[in-house]
Amino acid sequence: MRKTRRLWIAGLAVLTLVGCSADIGGAPGGGGGAPAGDMGGTPGGIQDIALARRKIDAGQIPHAEDFTAEGLYAEHDLPLEGPPCEQVLCLRSATGIATAIDTGRQQVFVQVGFSSNVDPSTFRRQPLDAALVIDHSGSMAGEPMEAVKEAARRLVAKLDENDTLSLVIFDDTSQVLVKQTPVRDREALLRAIDTIRVDGSTCIECGLRDGYQQLATRELDASRSRRVFLFTDAMPNVGQTQEGGFMDLLRDHSREGRDLTLFGVNLAFDQSFVTAISSVRGANAFYLSGAERTRTVFDEDFDYLVTPIAYDLKMVLTPAPGFRVEAVYGIPGVAPGASLASLELPTVFLSRRRGAILARLSREADIQPAQRMLSEEFSFTPARSEAPPPTLLTASYEGSEPLSSTGTWYSEDSVRKTVALTNLVLGARAACTSWHAGDKVRARELAERTADLVRTHAEQLDDAALRAEAELASKLAALMVP
């Protein structure tokens, strides 16, 4: 069933970021239905599923954890309709009622979207104190090390005389090659990067501690950002080797205003490790799958990925009678399938794309016109201004007829796309889990069904990006030969 009326939205959350333009300008990567001038916001954590894509291209079957909802959402522009965004962060909502691929049952999907009126033509990031922490252990030999050096060079090229930089390398120990210093002699920094050679084991903890120590030599200054950039294949075997052992270290420094961005390389990359540590407040992570991905991250996205615009976004979901929260997708550190009615999004970053999180509900009976299904209350801490009052978004079914257990309805096209992406993640995870458990026939069937479902949505929406995702699922299915 096609939509009949717009989803009713009670409330539009806004905040003000000092120092950013309030003018609404053209934003890159526009999408259907969004007001002109919207930029986006995206949750922190994993920002892509590039590792899964690279494994499939290499003829390998990914692991389930290589597919994250937050990573896939971050790769797409998912704008929601609404009045023009007049502040640096606006929350909007939309609803889809459709079949979930993992259960085969009709579910309610409520999307929360993030947009911003920051004008990319006038936006300037804050001056940055950057600590580059580079893994040069034995597992980085060959292509991974060359990819890291190229990424580090591009990062240096994005800095100017208002920024500072230090360079730390680590294997089973850590060494400071360049102490925290203003970026003036760029050629000397590039020469230091070129001297890095591969050797030894992997003590990520050693490198992080020295990187944070370099940032700590700079006095706290609210007008500056402080960030460690960690380049690694995420396979620690010396010092702390489990993600849990890193969390206190990361949280302690985040509280002191020293944040983390992780850049991953190597097919042996440990995605579950990175998913955990990048869920910390102020953290995000990217997998550098090739030259084009590296170019995009540093040449197009760098100034945004170092710019948090909101912290500690608390979300309380209150389902209406007859509905139950089944899962929430797109929250870093929250596994798909977690049934939580109260949770927290640690960070929202400025982005070229409008990001999303998605709540999933089950229902007990047919859904009636104008029936309210969910209320969502949000509160958050702006990056550089006072907190606004809590905001309420309310989702209702606005179809003109009762919706049976086999019906579908979308308040707008973008939520349909987000539901299709969610089903891609669910289907791919289930297929990969079955494959690695030895059930190859079921794995192939799940992957094929996922490809067919996503392809159907892509054709009905005439969406090229969604067609590419259907092709990804088809490639996965083709690898799963029983």
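1. T294 touches A151, R154 and L288, leaving out residues up to four places away in sequence, where contact means heavy atoms within 4.5 Å. The residue lies in helix α8, residues 291-300; helices here are DSSP runs of H or I with at least four residues, strands are runs of E with at least two, and both are numbered from the N terminus. T294 counts as buried because its relative accessibility is 5%, the limits being under 20% relative accessible area for buried, over 50% for exposed and partly exposed in between, with a 1.4 Å probe and protein chains only.

2. Please keep in mind that this is a predicted model, in which local features need pLDDT of at least 70 and side-chain atom pairs count only at pLDDT 80 or more, while totals for chains, interfaces and linings use all residues. Residues are numbered from 1 along each chain as its sequence is written, and side-chain values use heavy atoms, with hydrogens and water left out.

3. How many cavities of 30 Å³ or more are there? The count comes to six, a cavity being a set of points, on a 1 Å grid over the protein atoms alone, where a 1.4 Å probe fits but cannot get out. The largest cavity has a volume of about 150 Å³, volume being the space filled by probe spheres set on the points, which are joined across faces, edges and corners.

4. The largest cavity is lined by 14 residues, with T42, Q47, F286, S351 and R353 nearest its centre; a lining residue has an atom within 4 Å of a point. At least two lining residues come from each of β11 (284-287), α9 (302-305) and β14 (342-351), and β14 supplies the largest share, three residues. By class, the lining holds six nonpolar, four polar and four charged residues, where Ala, Val, Leu, Ile, Met, Phe, Trp, Tyr, Cys and Pro count as nonpolar, Asp, Glu, Lys and Arg as charged, and the others, Gly among them, as polar.

5. Strand β14 is mostly covered, with eight of its ten residues buried.

6. The largest pocket holds about 330 Å³ of space, a pocket being an open set of points with protein on both sides within 12 Å along at least five of seven lines. Its lining has 19 residues, of which R226, G257, D259, Y311 and R384 are closest to the centre. Two or more lining residues come from each of β9 (225-232), α6 (243-255) and β12 (308-319), with β9 giving the most, three residues. The lining of this pocket divides into six nonpolar, four polar and nine charged residues.

7. The largest nonpolar core has 45 residues, and F67, Y73, Y329, L466, L476 and M480 have the most contacts inside it; such a core is a set of buried Ala, Val, Leu, Ile, Met, Phe, Trp, Tyr and Cys residues joined through side-chain atoms within 4.5 Å. Helix α10 gives the most to this core, with eleven residues. Apart from this core lies another, of 40 residues, among them V325, M373, F380 and W409.
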